[in-house]
Amino acid sequence: MSETPSHILDELRAMAVFATVVRAGSFSAGARALGLTRAVVSHHVRVLETKLGVPLAQRSTRSFSLTPAGEAFRVHCERLLDEAHDGIRGMELLRAEPRGEVRITCSHHFGNKRILPALVEFRRRYPAIRLQVSMNDSNVDLVQQGLELAVRAGPLSDSELVARRLVSEETMLCASPAYLRRHGVPAVVADLERQRWVVYPPTQRVLTVNVDGVGVEIAIQGDIVTDSAASRLAFVLAGEGIARLPAYDAAAPLASGELVRVLPEVQTKALEIFLVHGRRIGPSARLLRDFLLGQGQETAA
């Protein structure tokens, strides 16, 4: 059978007609079920027979029976018709009460701060959608792990995935009052290189800061190196060093006095959080994606 798009559509239509005729038991009954004339129904079946090169049915004015080829082909045509009906019915049910399952992954720290509260709200709104939530600080392979959505920080390197920015979070340099009493308060940017840092992520050796519109690279070092954002915050609160913190971590400790903003006139790069998924996702995952993106916009506002 032809593989050109226009011919495929014709053939799919003819297969659906043939399946309806078989289930109805005759060309006339099939025509009535489809709202077509008997001549149009016969034409579609003849098109299939011409494409396949074999007769599919023996018919007369009073009888209708399938040939062996027609019996074998009927299975494929009925399956096509059933899949179409199931797909439409599934979308109707999803529209009436969204249901299904979504597998999503996010980091422990940002997930607990921002994603889990949003997922709780999502479940209240769509209780028939099941969630499988994987808390993982590493960038896992979505396809290999069977995941549909991932919340990730930083740029996207895999061109086979789609990334939508969820939130752009302000960051700032912070330290505890106890740390600053022991090691002194940095007065200028150059002082930052003489400080003890809580290093996160473990590979970071240089931090770029913006001073009066000019980017300046600062070499950082410290006795604490961690791959956990939650650990970074805990060590900074404990007075173990300076760190660049996102606003969602820094806001409350700054307000309570547990932390102090270091060199507030210096700007640091915003933390970009992305929602990542494959190029094709199911309706439930799409619903969750749009919900989380909407939550991100509300947070930014």
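Predicted model: local features only at pLDDT ≥ 70, side-chain atom pairs only at ≥ 80, totals over all residues.
Colour by secondary structure and Q132 turns out to sit in strand β4, which runs over residues 129-135.

Next, keep Q132 selected and show what surrounds it. Leaving aside residues up to four places away in sequence, Q132 touches E101, V102, R103 and I104. Zoom in on E101: its side chain makes a polar contact with the side chain of Q132, at 3.1 Å. T105 and Q132 are 27 residues apart along the chain, and their C-alpha atoms are separated by 8.4 Å.

Now move to helix α8, residues 229-237. Which residues of α8 are buried? Select A229, R232, L233 and V236. Look along the helix axis: these residues lie on the same side of α8, because they cover an arc of only 95° around the axis.

What do the buried residues of α8 pack against? Show these elements one at a time: helix α5 (108-125), strand β7 (171-175), strand β8 (198-199), strand β12 (243-246) and helix α9 (247-256).

Finish with the two ends of α8. At the start, select S228 and A230: a side-chain oxygen of S228 comes within 3.3 Å of the backbone nitrogen of A230. Just after the helix, select G239, where the backbone takes a positive phi of about 85°.

How values were computed. Residues numbered from 1 in each chain as written. Heavy atoms only, no water. Helix = DSSP H or I, 4+ residues; strand = E, 2+ residues; numbered from the N terminus. Contact = heavy atoms within 4.5 Å. Polar contact = N/O pair within 3.5 Å; in protein donor to acceptor, adjacent residues only side chain to side chain. Buried < 20%, exposed > 50% of the residue type's maximum accessible area, 1.4 Å probe, protein only. Arc of directions from axis to C-beta.
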